[in-house]
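Subject: Handing over the two-chain model

Dear colleague,

I am passing on the structure that you will be working with, and below it you will find an account of what was found in it. Please keep the picture open while you read.

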Amino acid sequence: MAAISTRRLGKELKEIHSEGCPVGVTLVSADNFECWYFTIQVMGESEYEGEAFMLKFRFEPTYPIASPAVQFVVGNGQEAPVHPHVYSNGHICASILGNEWSPVLGVISICVTLQSMLASCKKKERPTDNERYVKHAPENPKKTRFEYHDDDV
Amino acid sequence: MDMDNEDFKVPIKEKKKAYEVDFTSLSQTAIEKMMDSELEHIAGIFGVDRDTAALLLRHLQWNKERLIEKYMDNASSVSIDAGISSPSTSTSSPTIPSAPGPSRRTTSRSSTKVLGPSPSTSKQRRTPPPAKKYTPSATSFTCHICFDDSPSLKTRALGCEHTFCLGCWVDYLGSRIRDEQELVIPCMAESCALRAPDSFVRAILVPDAGSPEAKSMTPEEKAAGQKLWERFGELGVRDFVGANKALKYCPYPACTNTVSCPSASTKASLTRIVPIVTCGARGIPQTSQSPSSSSSSPALNPYAAGGGSSDNTTLDTAASKEHVYCFGCPVESDHRPVVCGVARMWLKKCADDSETANWIKSNTKECPICQSTIEKNGGCNHMTCKKCKHEFCWVCMGPWTEHGTQWYSCNRYEEKAGIDARDQQSQSRASLERYLHYYNRWANHEQSSKLSLDLYAKTEKKMESLQSSSALTWIEVQFMRKAVDQAVRCRRTLQWTYAMGYFLENDNMKELFEANQRDLERSVEELSELLEGPVPVDKEGIGVLRQKVTDKTVYVQMRNEVMLEDTANGLVEGRWKWNAPVEGFSYEEDGDVDVLP
């Protein structure tokens with residue numbers, strides 16, 4: 001039997017193709033069932049007006065039981081948004097990607113959550129421990145044990 | 001926690017040594033029994049099923065009093081916090097206290113069969129499910145995790161009715177239990193706080209034989225499920241043991257035994273006793289004739305059982321067979337006679353880089369102006385700091401200009417600046433030397449203990465040669481084994497006495513302590529010498545050797561007893577004064593600590 005992730009991701013992809021992505025979310029590439037790219041934009045008035053950010057999703061064979069590894073792409077003209085929960089290497093500190101992950105969530109729901117995380121930001125700044133974290137951060141953000149900072153930003 | 005349980009009864013020994021503590025070893029089965037009686041108790045009081053009682057107790061770290069208090073105060077809020085009911089259903093059902101049992105529904109579309117007896121709450125209303133999205137409609141069901149929609153799909157849901165297929169549940173349970181070592185298994189739906197009760201987990205992992213689920217499982221799946229269920233049980237026991245201060249799980253890998261030692265359950269007690277325990281498990285019972293503990297029979301501490309006379313002590317391969325550990329701290333060996341707090345300080349000191357710093361202090365000096373560290377590796381005493389170009393005298397540390405002439409003549413010996421600098425240096429030198437004195441002896445005894453394996457092998461050979469060259473029987477040459485065993489044990493004591501000595505205040509008590517230490521050390525070394533020496537070839541010589549070794553063994557054992565007894569009594573009497581603050585001991589009221597009953 002194929003990995004559980006294959007069937008699930010196939011289904012998610014089919015839904016994206018037939019129903020389209022929510023406003024501000026664009027599929028960039030989904031050529032395999034290991035790594036997908038999306039761009040997200042914040043619609044309406046916000047600190048990030050006119051900016052677009054690229055998201056990279058990596059899936060394990062046990063997805064969606066295991067959460068995907070999600071980060072902003074940095075490099076090749078792409079930048080991580082300046083946000084108190086986003087490190088300059090693209091890693092995101094969001095509980096939904098860690099201990100609050102639920103297998104019923106999916107790629108699109110993560111995109112929407114991150115979109116609203118950016119939209120509700122009042123002050124563009126890096127996390128306070130950005131430099132220290134980026135220096136020692138593992139390549140895969142899932143290997144980091146984040147302490148979830150306040151949820152209302 | 002209820003301590004009246006039979007398993008907690010400590011066997012009464014005739015004479016307990018001052019350096020021993022009362023404890024009981026318990027197997028996982030015994031702990032499960034204790035857990036069961038707690039569950040029964042709560043289930044009985046609240047009128048709920050055992051699943052619910054388990055979720056409640058785990059939620060409040062097995063603190064029964066607090067649970068009862070909170071539950072009587074507001075049952076539904078506790079139930080929500082413990083993941084038994086979801087907020088929406090609890091508001092719609094005011095009768096929660098009588099029936100908060102998590103419902104377990106089997107919604108198998110092909111053949112609807114309810115697994116196992118559903119909890120006493122048979123009058124479950126078909127409340128409108130909180131999340132319609134996941135509920136199987138009458139016509140078709142698609143698991144929202146794997147998107148499988150085959151008609152034969154078996155599904156499961158907790159009381160919240162978030163329904164998912166059986167396969168996804170199995171994967172999820174595996175990931176929680178095996179990968180995350182978690183006992184708490186929340187519903188898979190997003191932000192649903194309901195937790196899976198034990199019977200739900202069990203029915204998925206190890207379905208009853210004969211059920212359609214069990215029949216459709218491959219032997220591999222069955223084995224994997226069984227393994228997960230066992231692991232789940234272990235996690236449950238660990239949770240229970242971790243919440244109880246009078247219990248401690250055996251730290252040895254793969255050992256599932258637990259020790260109960262109520263007398264060492266408080267921080268304060270650790271300043272008066274050194275709770276060294278054994279979990280009762282014996283790995284390789286080579287020559288030991290003492291029975292290994294079975295599920296319910298508490299095994300006695302070998303020291304407690306046979307410590308009195310050398311004749312019935314079993315061969316103790318330096319804790320390789322017996323799981324010896326400290327109940328009060330993470331040290332996984334016998335650190336008597338020193339108390340946990342001091343043992344920890346000593347180990348920390350040994351591990352710390354602080355001694356490197358001490359070396360630097362002793363072998364280097366700091367520039368009096370810019371404080372750069374300078375090591376003098378040759379040349380004259382006219383130093384010029386590389387960094388700030390300050391010129392000074394290495395001997396007196398005063399400025400070079402005051403030395404006047406071009407050649408070295410330090411006549412400024414009594415200058416104050418110079419004295420201070422020299423004082424500091426000699427102090428850290430002395431402190432390093434002091435530490436090394438204790439450390440070297442500590443390390444030496446540790447090393448000797450480690451070499452005991454070699455000594456065992458050698459002794460084995462010697463015993464063979466004794467047997468062949470004399471008319472002695474196998475039993476009669478056992479004196480060698482016992483002697484080695486005793487020497488190893490005493491070295492362990494000696495090792496830790498150096499850790500203790502390092503932190504003891506210099507007073508008369510310390511002198512007495514050191515006298516005991518000296519006596520023990522001397523006799524151990526004499527015994528070791530006898531053991532390492534050549535084996536005589538004639539029968540007469542062997543007889544003499546045997547007598548000597550046996551006498552020495554008895555004497556060494558006596559010295560060890562004296563050492564351990566005296567330090568243990570000293571702890572109880574508060575006789576020992578530490579030269580550094582030790583956790584748990586009070587310092588302000590010296591008078592109070594001095595005399596304790």
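This is a predicted model: local features need pLDDT of at least 70, side-chain atom pairs count only at pLDDT 80 or more; totals for chains, interfaces and linings use all residues.

Residues are numbered from 1 along each chain as its sequence is written, and chains are lettered from A and ligands numbered from 1 in the order in which they are written.

**Chain A**

Chain A has three helices and four strands, where helices (H or I, at least four residues) and strands (E, at least two) are DSSP runs numbered from the N terminus. Read from the N terminus on, the elements of this chain follow the order α-β-β-β-β-α-α. Of its 153 residues, 31% are buried; a residue is called buried if 20 or more other C-beta atoms lie within 10 Å of its own, exposed if 12 or fewer, and partly exposed in between, with the C-beta atoms placed from the backbone.

The strands of chain A make an open sheet of four strands in the order β1-β2-β3-β4, with antiparallel pairing, and two strands are said to pair if DSSP finds at least two bridges between them. Because β1 and β4 of chain A stand at the edges and have a single partner strand each, one side of each is left without a neighbour in the sheet. Neighbouring strands of this sheet are turned by 25° against each other on average, direction ignored; the axes are lines fitted to C-alpha atoms, for helices over the stretch in contact, and angles run from 0 to 180 degrees between N-to-C directions.

Helix α2 (residues 107-119) of chain A packs on the sheet and touches β1, β2, β3 and β4 of chain A, with a direction that makes about 35° with that of β2(A). Two residues are in contact if their C-beta atoms, placed from the backbone, lie within 7 Å.

On one side, β2(A) pairs with β1 (residues 25-29) of chain A in the antiparallel sense over four bridges, and β1(A) and β2(A) form a hairpin with five residues between them. β2(A) also pairs with β3(A), in the antiparallel sense over seven bridges. Phe38(A) stands opposite Leu27(A) and also opposite Leu55(A) in β3(A).

Where does Pro61(A) sit? Pro61(A) lies in the loop between β3 (52-58) and β4 (69-72) of chain A, and it counts as partly exposed because it has 13 C-beta neighbours inside 10 Å. Although Pro61(A) and Ile4(A) are 57 residues apart in sequence, they are 6.5 Å apart in space, C-alpha to C-alpha.

**Chain B**

Chain B has 18 helices and twelve strands, and 35% of its 597 residues count as buried.

In helix α7 (residues 198-205) of chain B, the buried residues are Phe200(B), Val201(B), Ile204(B) and Leu205(B). Seen down the axis of α7(B), these buried residues fall within an arc of 120°, so they line one face of the helix; the arc is that of the directions from the helix axis to the C-beta atoms. They pack against β3 (155-157), α6 (166-179) and α9 (219-243) of chain B.

**The contact and the cores**

The contact between the chains takes eleven residues from chain B and twelve residues from chain A.

A nonpolar core is a set of buried Ala, Val, Leu, Ile, Met, Phe, Trp, Tyr and Cys residues joined through C-beta atoms within 7 Å. The largest such core has 80 residues, and those with the most contacts inside it are Val342(B), Ala487(B) and Ala499(B). Helix α15 (residues 478-503) of chain B gives the largest share of this core, 14 residues. A second, separate core of 57 residues includes Ala80(A), Ala94(A), Leu97(A) and Cys192(B).

With kind regards
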